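Subject: Structure handover

Hi,

Here is the structure I promised to pass on. Please open it next to this message; my notes follow below.

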Amino acid sequence: MEAQSTTPAAVSLGTEITERIDRLALISADEGAITRVFLSPEHRRAADLLLSWMREAGMSAHLDAIGNVVGRYEGDRPGLPCLMLGSHYDTVRNAGRWDGPLGVITAISCVAALHRRGRRFPFAIEVVGFADEEGVRFASTLLGSRAIAGTFDDSALGVRDRDGVTMRDALTQFGLDPGHIGAAARAGREVLGYVELHIEQGPVLEAEGLPVGVVTAISGATRLVASLEGMAGHAGTVPMPLRRDALTGAAECILAIESYCRARPGLVGTVGHILAEPGATNVIPGRATFTMDIRAAGDTGRKGAAAELIKAIQEIAQQRKLIANITITHENRTVACADWLKAQISDAVAAEGYRVLDLPSGAGHDGMAMIDLTDVAMIFVRCRGGISHHPDEHTELADVEAGARVLLRVIENFQPKGLQADTQT
Ligand code: HGY
Ligand code: MN
Ligand code: MN
């Protein structure tokens with residue numbers, strides 16, 4: 001168990017949060033880099049640390065059936081529906097330290113500050129650290145938030161990681177019951193709304209000179225895995241015209257994806273991973289497998305682009321006498337943030353003295369799954385250079401503080417949807 005934080009109460013919110021971000025960043029599978037994937041030993045160590053901070057903050061805290069950490073701060077009487085806060089605590093490989101953890105740790109520190117003041121509300125507060133938003137290990141995503149929203153697809157349990165371990169076996173090895181994931185699901189009546197604080201992961205707030213922004217919508221994404229089967233062979237003896245080289249076929253597909261997206265403003269396509277097999281210098285690759293991530297401002301444009309690119313991959317494979325197998329591993333619709341929640345975030349931003357800027361999220365977030373359970377909204381915090389999914393990802397202390405103060409105001413002034421409607425009449 002990692003040492004618990006001994007940060008005295010007098011320390012500012014921003015300092016406490018930054019110290020904890022740095023502490024959590026030390027929990028990684030890779031020396032000198034940050035990598036924390038679903039159901040790994042690092043996942044367990046990070047969960048233990050977050051659970052200890054949640055309890056220090058006056059919350060009851062547990063690991064749920066899929067490995068989310070869940071902290072609950074009761075309202076002014078037990079059993080009340082909650083305002084749910086949080087983000088994810090898994091990371092991409094060689095990640096930055098702020099993407100995900102900033103939302104979880106800021107929410108914990110806000111509850112701790114309210115607890116120190118003995119504040120209780122006519123609603124409970126729950127803080128969730130989602131176990132797998134990035135989908136790095138099992139080529140899916142939002143597994144933790146889908147489980148809480150009750151939309152986890154059990155067929156994912158058979159997906160294998162790059163070592164051939166199924167999600168089912170990984171859950172069992174982690175000490176969880178793959179047949180019990182349904183226990184993580186929450187009922188809609190238990191949750192009044194979900195608010196996530198997250199770094200922007202883009203350049204807009206920095207360009208606007210603002211520490212915080214209000215998210216309007218979370219862009220959908222389509223992810224797929226394409227595998228091309230050719231014919232392995234001796235690098236020295238097979239003449240070029242006789243080859244069915246899967247890797248050069250994949251290379252042509254990848255450049256086709258890039259030029260297709262470059263030609264269409266607003267469309268972004270990324271091939272983040274490629275595997276050539278058997279992977280020996282002197283063997284013509286018989287198989288090449290690559291991923292594709294496609295995003296656009298709207299669902300129709302994104303789905304149309306994905307369909308056209310799948311067709312392009314199939315045509316290139318055919319011309320090269322390769323067999324193409326393409327599986328869509330993840331499809332998420334664009335999700336609008338709820339106006340009534342956005343309005344309360346905007347009020348908090350304005351009350352902190354900042355110009356209110358609405359902006360869309362090009363990055364995906366757990367709100368894309370949580371929308372199936374409750375209304376969602378997000379607070380964006382400026383990050384340096386808009387850099388993310390990279391070790392240089394950074395958030396200045398003043399911006400950490402600004403984000404925390406906005407979130408604290410949102411909590412203290414939170415008006416559940418029905419109640420808010422009454423006060424507006
Ligand atoms: O991929 C995304 O947009 C998010 O960071 N998981
Ligand atoms: Mn991310
Ligand atoms: Mn994230």
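This is a predicted model: local features need pLDDT of at least 70, side-chain atom pairs count only at pLDDT 80 or more; totals for chains, interfaces and linings use all residues.

Pro278 sits in the loop that runs between β10 (274-277) and β11 (283-284).

Gln201 belongs to the loop between β5 and α6 (204-208).

Now the metals. The manganese ion (ligand 3) has three coordinating residues to look at: His88 through NE2, Asp99 through OD and His198 through NE2. The distances are 2.0 to 2.3 Å. Along the sequence these donor residues follow the spacing H-x10-D-x98-H. His88 is part of strand β3, and His198 is part of strand β5 (residues 191-199), so this pair ties together parts of the chain that are 110 residues apart in sequence.

The manganese ion (ligand 2) is held by Asp99 (OD), Glu134 (OE) and His389 (NE2), at 2.1 Å. Here the donor spacing reads D-x34-E-x254-H. Distant parts of the chain are linked again: Asp99 comes from the loop between β3 (82-88) and α3 (101-116), whereas His389 comes from the loop between β16 (376-381) and α11 (397-412). Those two residues are 290 residues apart.

Which residue coordinates both ions? Asp99 does, and the manganese ion (ligand 2) and the manganese ion (ligand 3) are 3.4 Å apart. No water is among the atoms, so either site may look incomplete.

Next, the domains. The assignment gives domain 1 as 8-218 + 336-423 and domain 2 as 220-332. Their C-alpha centres lie 33 Å apart. Twelve residues of domain 1 and seven residues of domain 2 make up the contact.

How much area do domain 1 and domain 2 bury between them? The figure is about 650 Å², with 40% of it on carbon and sulfur atoms. On the domain 1 side, Ala139, Thr141 and Met368 lose the most area to domain 2. Together they account for 49% of what that side buries.

The polar side of this interface is quickly told. Between domain 1 and domain 2 there are zero salt bridges. Three residue pairs are in polar contact, with both residues at pLDDT 80 or more. The side of domain 1 that touches domain 2 consists of five nonpolar, five polar and two charged residues.

Then turn to Ala139, Thr141 and Met368, where domain 1 loses the most area to domain 2.

Best wishes

Notes: Residues are numbered from 1 along each chain as its sequence is written. Chains are lettered from A and ligands numbered from 1 in the order in which they are written. Side-chain values use heavy atoms; hydrogens and water are left out. Domain bounds come from an automatic or database domain assignment. Contact means heavy atoms within 4.5 Å. Buried area is the accessible area (1.4 Å probe) that two parts lose on being put together, summed over both. A salt bridge is a side-chain nitrogen of Lys or Arg within 4 Å of a carboxyl oxygen of Asp or Glu. A polar contact is a pair of N or O atoms within 3.5 Å; within protein, one must be able to donate a hydrogen and the other to accept it, and residues adjacent in sequence count only if both atoms are side-chain atoms. Ala, Val, Leu, Ile, Met, Phe, Trp, Tyr, Cys and Pro count as nonpolar, Asp, Glu, Lys and Arg as charged, and the others, Gly among them, as polar. Donors are N, O and S atoms within 2.8 Å of the metal (3.2 Å for Na, K and Ca); water is not among the atoms, so sites may look incomplete. Helices (H or I, at least four residues) and strands (E, at least two) are DSSP runs, numbered from the N terminus.
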